[in-house]
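Dear colleague,

Please find below the structure that I promised to hand over to you.

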Amino acid sequence: MNDFPAITGLTLLPLIGGGLLLGLGADHKTLARRLALGVSALALALAVTLAVNFNPSSGGLQFVQRLSWVPGLGVDYFVGVDGLGLLMVLLTALVVPLALLASGRITERVPLYCALVLLLQAGLFGTFTAQNFFHWFLFWELSLVPAFFLIKLWGGPDRGPAATQFFVYTMVGSVAMLLSFLAIFLATGKFNFTDLAELSQTGQLDASLAAKLNWTSLSPAALKLVIFGGVFLGLAVKVPVMPFHTWLPTAYAEAPSPVTMLLTGLMSKMGVYGFLRILVPLFAAEMRAVITPLLWLAVITIVASAAAAFAQRDLKRMLAYSSINHLGYCLLGIFVAVKLTGADPKLAVEKAAVLDGVLLQMFNHGLTAATLFCFVGLLEQRSGGLRGLNDFGGVRKVAPVFAGLMGISVFASLGLPGLNGFIGEFLIFKGAFPLVTWATALAALGLLITAVFLLTLLQRVFQGPLNPKWSAFPDLTTAERWIVAPAVALMFLIGVYPQPVLHLLNATVLQFVTKLMS
Amino acid sequence: MSWIVHNLWLVPFLPLLAAGLTALAKQRHRRFAATLAIGSMTVSFLLAVGAFAHTLGRHEDEARQVFNFPWFQFGTEWLKLGWVLDPLTAAMLVMVTFVGLLIFIYSVGYMAHDENFTRFFCFLSLFAGAMLGVVIANSLLLLFICWELVGLTSYLLIGFWYHKPSAAAAAKKAFITTRLGDVALLLGMVWLYSQTGTLLFYDNGAGCLEQSALGAMVAQTTSLGLAASTGIGLLIFAGAVGKSGQVPLHVWLPDAMEGPTPVSALIHAATMVAAGVFLVARVYPLMAARDIADVLSPSTAALQVVTWVGAITAVFAALIAVAQTDIKRILAYSTVSQLGYMMLGLGVGGVAVGMFHLITHAFFKALLFMGAGSVIHGCHEEQDIRRMGGLRKLMPVTFATYAVGMLALAGFPLLFSGFWSKDEILHAAHEWPVSCWPFYFGLFGALLTAFYMTRQVACVFFGNYRGHAAEGAAAGNHHAAKSRRHQPHESPAVMTAPLAILAAFAVVLGFLGTPAWPWFQSYLEGEAAMVDPDKLLAPGTLALMLGSALVVFAGLGLGWWLYGRRPMRHADDADGLERLHPEIFAVLRDKFYVDEFYEATVIRFNAGCAWLGDWLDRWIWGGAVLACKFITIGLSWLSRLFDEFVVNLGFDEGCRRIGNGARFTSSLQDGQTQNYLRTLALALAALLLLLTWGCKG
């Protein structure tokens, strides 16, 4: 296994699949669907093989492949995964087939659609495995292009502006990040994340920045803060952190539901992943310098997005805000873990809890949010595109299985113990409360408001007297049940016995903690 | 470790398994669902009895046995869960499984005609499993998990008739109100975790309720000046306030009566709502932990809060119960009030006092609810006590058992269990050194309890049946004959048999905790019980018993004087109390306007926040993005204008001029020899003139 370039293969697989599909005529709909599904299933198998062969007791990079690419520019082809990367690869491999299966409503230009989805998957795999900024950034941007076209070509009535806003907004962030990295490259001549992290750890990064970029007439600390700001902006837009989130509700609402599954399940994770892979190892000191505003941002993201979700009347917009809210907990966890340093062993325990919680929350949110949007897609399919909060009513009477399974996903999303969402949130709160009590206590408000709007959703859609319009509302078909069953089963599995997942993460988390202690 | 301790997990697991299997069953598999639920509950009951027997006759140090196991690892730490078998657990296990089993059997009759019969038993089993999990948990986290699952099943069962908008709204209200407390409980839990490094209650000296952890927490002072133990205790208590419907989070419990009556009996009277009381009893060592320095102070801050909340709830809810007309809502407010008593008991007298009332109350309140269900069933889903009356003769078994339950709840002296358990609480409140007010609150509550129960029984069972009149008036007289056929009828044996069993327990249980033979109290504390009749006749005890008996008689008499003497004739007649004091009655009937108050404050505030969040998004953040967009577009326009009118226009003009020049020059070279010669001649002439002029000068 170690000789086989598994990660390269994993990224190439959807890339080649997507390329093949691009060449397919528009009439070969079934073939295109089958081919895409086959490729994503293979990718899933490969990702699971990776997980099986992963050595959970080592926190470092595994399955590493490193080739010199452009030596003069410090560009290596350098891929590998640690626990965090592996988790994201697994999530990607899991959500993409689910989204493809849920794409029944897409009937136009199916081969192109499938091709774009696979290209997006390739971009995501690349982002989650690259260890060199150069091709990491290539993949980061590569994933944006298919997403843009997926929204633009198959979206709702306002898809044009939504897609443009999504693309331009993210692009602005990316440019800021690119500029920051160019500055770093100018100072150090390095692009590899591991090298840069080491330089940052030893303080050499600051020194070389100060030496090489003294023409900016900024003090070294201010200079690095500016560079940090650029990277932060790029990642904050992607997550998103409030107030850089306005592209999200529109994009999520206008994208077709399977694409929303990819956006919320996977692409939002790119941002959080970037925080952990780049920001925390390279800029921990800068984060500490502005930690109070950062914590406020996280708290505002959590509370304000939950409140805004409650005001929405469109199910997709509501779940979009809920998505921001859930990722807010990840941000809170990351900021809290960075905040304090010291040798206190109790501190290490809390930090490990927080970071384990963050990683698990990323996975759980990806799974749960994607499933919820899948259900919304199924609702739209039955209602002919209607998805307003008040468009339904009493549907549980005619579609009990639909109501039951979607109900489980909703409760997973609001963090009911026994389902996956709880474990991550519990660990984040457990670690965050003693470290930054005020922010955690405020963030707890989010838990409450989430319950309010999610239960309102269940009440309006499924309960009450049956809206006569939907007396012929079909329940989930057997095929549809099989689409969502694995996701729901996984929610139970992780909720009851999270150890297999946490086992993969622990060593990586401990490594993070060790680096964050000093 | 004995077999039963090792396998205590089976007690909650069997109902959970039954729930899981039933969830997969089809709607028509009714017999399968009922059999599975009742079967699993029976086995759980037998196991619970085994566990109970195991704890009998053991002394304090060996009375508690735990089994802990690792759940998952974060960082280097293992998070552990576990279960515990001690008298507190065992007593609750037996109560929950026994009452639960009876209610399961009763439900077979009550829900016989419901199309979602299968689903009902699935939810009931899930509830039983989760509740039993709460009881055996040896870890606050496991307790919290089961606690939330209990809340979920409560949500599902309140909203069981989900097609009724009121049921759907009540379910949501219940979940959200209790979640308010649960969020506080979660914070208390994570705080406790960070303070003690464990969430296990008992772990051979390393648990969070054991001496070393408690000592550390008491010594730690927070920024607010509270000891950590007090802060954590209060947060945990907030969870109990939500679950047990204490003021100010009591509003969900009366609305929860939208659920089927067996659910009200099981979840919203006997077991789940008592979970809050149980939780306080479970973490009592934490609540009662105090510094060595103020060991002389009479009570801890946390326990004082528990006491006051309990005392206020006991009276507040009893007052509301006086003016309600829905048979189940009266009982619901009565439950809130009795839960207040239990909290009061815990606060002033400790675990044994509160728990004794919890156990006796579970039996007689389940009895009352099931009796009410039988009445509702017999009266064709009528719940308004003004439209009942005279059922004493029509439903004799229900009446007899209901009367037993009512007397037990009212605390009728000597014979009934409620008397003994309430007396314990009043006794402890009387001795409480901090304040004498909780005692008076308790006495006043006892008076009200006797009063409103007399009112209810008088309206439901005495006088004449008033259901026809209302129906006849509404539907015209020719339906009168038809409605006579709809005479209330006694319920089937599958419903009345559980009533009879519960009635028996409502009487005998009291004798397990009399001052003369405080067996239950000793059992919980792991001591041997002494028979000592002299204690009963001790002057303080006797006087108190006489006093409380007098209060109960006063309440009963007052109720009878107002409602029993001259029973209501018509459903529309004014209430007895309403005739005396209409303004007081109106305030009580409208529940002190608490719901309206919340509607005007909390709910409006939440809606305002939501509106604000949405508005900020649309106009401020979205506006900023739009502003950026317009600035960018404006700049592009500016750039375009500059390009077109400055750069392009200038360039074009230059080019045009050059072109013109070129055209002019090229027009000179037109190939006509005459022109060339003319130019030559002209030039020559000019040159000559120039030279001539020049030489001259």
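**The strand pair in chain A**

A:Leu67 stands opposite A:Tyr77, which belongs to strand E2 of chain A. That strand (residues 75-81) runs antiparallel to strand E1 (residues 62-70) of chain A, and 6 bridges join the two; strands count as paired if DSSP finds at least two bridges between them. Helices (H or I, at least four residues) and strands (E, at least two) are DSSP runs, numbered from the N terminus. In the hairpin that E1(A) and E2(A) form, 4 residues lie between the strands, and A:Gly74 takes a positive phi near 70 degrees.

Before going further, please note that this is a predicted model, in which local features need pLDDT of at least 70 and side-chain atom pairs count only at pLDDT 80 or more, while totals for chains, interfaces and linings use all residues. Residues are numbered from 1 along each chain as its sequence is written, and chains are lettered from A and ligands numbered from 1 in the order in which they are written.

**Chain A as a whole**

Chain A holds 19 helices and 2 strands. Its radius of gyration is 22 Å, close to the 24 Å that the globule rule gives for 518 residues, so chain A is as compact as a globular protein of that length; the radius is taken over C-alpha atoms, and the rule is 2.2 Å times the number of residues to the power 0.38. Of the 518 residues in chain A, 60% are buried, where buried means that 20 or more other C-beta atoms, placed from the backbone, lie within 10 Å of the residue's own, exposed means 12 or fewer, and partly exposed is in between.

**Helix H11 of chain A**

Because 29 of its 33 residues are buried, H11(A) is largely enclosed by the rest of the structure. H11(A) also has a kink of about 85 degrees, centred on A:Phe283, the bend at a residue being the angle between axes fitted to the seven residues ending there and the seven starting there.

**Where chains A and B meet**

The contact takes 44 residues from chain A and 40 residues from chain B, two residues being in contact if their C-beta atoms, placed from the backbone, lie within 7 Å. On the side of chain B that touches chain A, the largest share, 14 residues, comes from H7(B).

Best wishes
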